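Work through the exercises below with the structure open beside you. Try each task before you read its solution.

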Amino acid sequence: MADQKLIFHGWKRERIAGLATGTQDGRARVETEVTLTGTAVSGTTTGSHSRPVRFLLGGPADVTALAPASITRRYPSPGAPDHESDRCPYVELADPSLPWRYTPAPKPAAGTGSLHPWLVLVVGFENDEVIIAGKHVTLSPAVQAAHPLGAAGDPYPWGHVQVDAEGRQVARVLSGRPLEAGTAYVAVLVPAFDEAGQKRWNGTGPVTVPAYDHWRFHTATPPGSFEDLAAILKPGAVPDGIGRAPLVYPRLPDGSILQVRGALSPLGVGDDPVPQEISADLGKLRTPARDDEGRPIIGLPPYGEVWRAAALDEMRWEKELNTDPRHRGIAGLGLEIGLRLQEELSAEASASLGALAEARQRIRDLVMGLHAAGLLWRRRLPEDPLDALWFLGPALGRVVTPEGSVAELATAPDRALPEGIFSTAARRALRAGTARTSALKDGPVVPKTVLAAANRCPPPSERRGEGIPLGELGIDIRDLLERVRAGAAGGRLDYGAIVDGAHELAELAANSLLRELAFGIVKRFGHSAKDGTPAPWVDGLALLISAASVNPDDMEEVDRLAEVMRSFLDRYPEPAGEQDLSRLIADIDEPQPEDPACRPVDLGALAAGVLAAFDPTRDDSAARTRVLATIDGLDPRQPLAPPEFCVGLDRPVWADVEEAFPEWLLPGAAALPEDSVIAVETNPRFVDALLIGLNTQVLGEWRWRNIPVATGCTPLRVFWDRADTGNGARLDDITGVAAWADATSLGDPEHRPPGIAGRDLVVLVRGQLFLRYPATVVYLTPVHMAEGTADFEVDPDPAARILPTFQGRIGADMSFFGFQGVEPERVLTHWIVFEEPPAGFRFANDKSSAGEPHTWATKAFVPPVRVLIRGDRLAPGRS
């Protein structure tokens with residue numbers, strides 16, 4: 001909690017209560033003068049009249065209950081099991097004036113400032129001092145004496161209004177009676193005055209009063225507060241031998257005693273080299289996995305074999321682990337933990353595998369299906385690609401591309417293959433043995449021959465005679481066209497050819513009348529051709545053709561045509577135009593036919609593509625691709641192998657060690673004095689050895705239970721339960737053992753993930769502080785440095801915090817806090833800070849005896865406590 005400047009006032013009432021001059025019937029009485037002034041529309045005053053007014057404000061008798069939202073906080077919280085016995089219980093109210101609103105008293109006299117709240121908080125022993133029955137409570141004389149009341153105008157020390165620097169106001173009603181440690185209490189909010197405005201009790205006998213609110217709590221044992229428990233902590237009292245345990249190697253009676261470090265070890269203490277004779281003797285106990293006849297041999301567990309069986313003798317860390325009895329013993333602890341937790345760990349692994357069983361079954365089904373399909377493919381598919389294409393033809397409609405199905409594309413309108421060539425109907429019609437094919441001259445139909453024959457485009461069409469039908473009238477159309485085209489190509493049109501054609505048409509007129517008119521038209525054409533003037537060639541030629549083709553016996557039609565021809569001659573050369581000659585040439589010319597586009601299909605390429613799409617033996621076959629796409633995490637080198645994943649159990653192993661072998665977290669911890677604080681460091685060699693032993697046992701157990709786990713997997717990598725201070729993500733303590741370099745030793749930094757140090761500073765506290773205050777904030781803050789020397793006389797900057805990244809508890813009363821990435825030696829230049837957890841504002845029940853509420857609150861207020869311990873006092877020999 002940030003430090004704050006607070007001001008306390010003894011009471012607060014609404015402004016109207018400031019008019020109260022006395023009391024009546026247990027209520028405050030207001031007497032004042034009210035003036036009414038009349039004002040005209042024009043704004044002028046029309047008159048004024050004053051009269052005294054008297055009324056009563058609400059009193060305690062008018063209150064039947066408090067609204068649920070009236071109380072904003074209860075301290076301690078209801079049901080609290082460990083309230084500090086030297087702290088006052090209280091309630092905070094939403095309305096700062098509520099505790100004094102119904103006090104049956106007038107406004108205090110100037111300079112006195114005293115007003116008793118009408119609400120008080122009573123705390124006592126339930127069913128002894130306090131008996132709650134429904135909405136009422138009976139108070140014994142003893143609890144009355146612990147909460148004496150005054151008159152309505154008297155000061156009451158246990159009620160005040162708090163104002164902070166931002167002007168926020170909080171009304172608070174407290175109980176200042178002393179509390180006993182380890183005791184159950186009940187707190188009750190009751191009225192202080194009765195209907196007549198007199199105080200509810202005077203200590204002469206039990207009284208029953210309304211109960212507006214109540215809750216229960218229990219005080220902690222031992223007595224005292226945060227600062228009391230923090231003040232008795234003794235830094236740096238480290239007993240000799242803590243963090244290490246002696247080990248005797250029994251096979252060599254004259255061997256020296258080795259020291260085995262636990263998961264936490266003293267600052268700056270390492271492992272002595274193992275005597276050569278012990279290492280050599282232990283190495284002799286190692287047996288091969290099998291005898292000369294291939295039978296398995298049961299011997300000492302070869303730690304490391306699970307990950308690097310072929311190179312055991314080449315790995316430095318493996319030699320250290322298997323030939324040093326200290327490390328083998330720690331690995332054996334991990335193996336034993338794996339045995340004890342085999343059911344739990346196996347259940348966690350099975351739960352984390354999720355849909356692995358379904359994925360494995362799906363792949364088994366796929367492999368069986370691909371094998372069966374491959375056999376059918378090789379046995380039944382024709383060898384010739386075109387025969388195979390015919391064989392697969394009916395299925396081409398189901399092979400879809402972005403542009404459409406293969407069948408639609410192969411038989412598109414611009415393709416030579418006809419629509420339906422790949423249909424089942426075509427196959428039935430052309431299969432051997434049917435009546436349609438049995439009598440064929442060349443024998444049964446060969447599919448590839450049918451495909452080749454159908455894959456031909458038709459020859460181009462000849463010109464169609466759709467122009468003027470001069471040929472039907474005996475005129476040589478080809479000669480006329482050649483002459484006209486030759487002239488047009490040379491830039492000068494052969495008008496003579498056109499006139500000659502017109503003359504031939506005139507001679508064919510149906511009778512003499514039409515013939516005379518026809519020659520008149522030809523004559524006009526001749527003049528126009530000679531002079532090069534425009535002429536209505538198309539209309540005139542059409543009349544000549546009509547005169548030659550009309551039925552001479554149909555006189556009505558002949559007369560109508562003659563009239564039209566006369567009109568043409570009368571208007572000649574109208575309606576001649578610039579485009580008339582071009583129209584004539586187009587009408588005479590025979591149009592070129594437009595054949596539809598046609599492209600033969602590349603049957604070889606089509607057959608190759610279709611076979612590739614249907615081939616079930618290919619790596620990219622449709623069934624294989626679709627099924628494997630539904631499964632993530634497969635080995636791309638062998639996707640059809642039964643999937644095995646590296647199961648990662650997000651489990652902090654230190655807690656398993658604490659439950660099974662708590663003495664190995666910090667050997668000798670029982671000798672640590674009460675209320676002491678020491679600095680230790682993590683032991684990465686212990687972590688490596690124990691996790692190898694644990695993972696060795698777990699992997700073997702899972703294999704025996706047929707739990708699929710990838711070869712070389714390290715499922716348990718978390719020991720200390722480290723957390724990233726940036727995002728809260730859990731961090732591993734080791735990388736996969738299979739990736740450890742051969743030349744590295746146990747505890748090598750290369751065995752850690754990037755950014756994870758092997759040796760970290762750990763602060764360990766033994767005492768009642770964290771049992772009573774588990775939410776205590778612990779952090780490091782750097783000391784002021786003066787010319788390279790730590791100056792602990794200068795106050796530190798509490799904002800420069802290094803928070804712990806892992807923590808836990810050893811036994812009942814030891815708590816540890818680890819600082820990821822902080823080298824243990826840096827404790828010499830840091831403060832260790834224990835900051836009281838935020839719990840709201842607190843007031844001591846043994847710090848003030850003042851009668852005025854603002855004075856009592858000021859003296860009894862307990863600011864947040866921050867305890868700082870010099871880091872250099874935590875190092876061995878510096879306490």
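**Exercise 1: A nonpolar patch**

Task: Find which residues make the nonpolar surface patch of about 480 Å², and which strands each supply at least two of its residues.

Solution. 
- Step 1. Keep in mind that this is a predicted model.
- Step 2. List the members: I16, L19, V34, L36, V53 and F55 make the patch.
- Step 3. Turn to the strands. Strand 3 (27-39) gives at least two residues to the patch, and strand 4 (45-56) does too.
- Step 4. Pick one member, V53. Its place is in strand 4.
- Step 5. Classify V53. V53 has 32% relative accessibility, so V53 is partly exposed.

**Exercise 2: The link of C457 and C598**

Task: Describe the disulfide of C457 and C598, and say what it ties together.

Solution. 
- Step 1. Recall the bond type. A disulfide covalently joins the sulfur atoms of two cysteines.
- Step 2. Check the distance. The sulfur atoms of C457 and C598 are 2.0 Å apart.
- Step 3. Read the handedness. The angle about the S-S bond is -90°, and the link of C457 and C598 is left-handed.
- Step 4. Locate both ends. C457 sits in the loop between helix 14 (447-454) and helix 15 (477-489), while C598 sits in the loop between helix 20 (580-588) and helix 21 (603-614). The pair therefore ties together parts that are 141 residues apart in sequence.
- Step 5. C457 has a relative accessible area of 30%, so C457 is partly exposed. C598 is partly exposed too, at 29% relative accessibility.

**Exercise 3: The link of C646 and C713**

Task: Decide whether the link of C646 and C713 is left-handed or right-handed, and whether C713 is buried or exposed.

Solution. 
- Step 1. Start with the sulfur atoms. Those of C646 and C713 lie 2.1 Å apart and form a disulfide.
- Step 2. Use the angle. With 80° about the S-S bond, the link of C646 and C713 is right-handed.
- Step 3. C646 is in the loop between helix 22 (622-628) and helix 23 (653-660), and C713 is in the loop between helix 24 (684-704) and strand 22 (722-723). The pair therefore ties together parts 67 residues apart in sequence.
- Step 4. Apply the cut-off. Buried means under 20% relative accessible area. C713 has 2% relative accessibility, so C713 is buried. C646 has 39%, so C646 is partly exposed.

**Exercise 4: The pattern**

Task: How many disulfides does the structure hold, and what pattern do they follow?

Solution. 
- Step 1. Count the links: there are two disulfides.
- Step 2. Count the bonded cysteines along the chain. The pattern is 1-2, 3-4.

Conventions
Residues numbered from 1 in each chain as written. Predicted model: local features only at pLDDT ≥ 70, side-chain atom pairs only at ≥ 80, totals over all residues. Heavy atoms only, no water. Patch = residues over 30% accessible without salt bridge, like charges linked within 9 Å, V, L, I, M, F, W, Y side chains within 5 Å. Areas by Shrake-Rupley, 256 points an atom, 1.4 Å probe, with all protein chains shown as cover. Salt bridge = Lys/Arg side-chain N within 4 Å of Asp/Glu carboxyl O. Helix = DSSP H or I, 4+ residues; strand = E, 2+ residues; numbered from the N terminus. Buried < 20%, exposed > 50% of the residue type's maximum accessible area, 1.4 Å probe, protein only. Disulfide = S-S within 2.5 Å.
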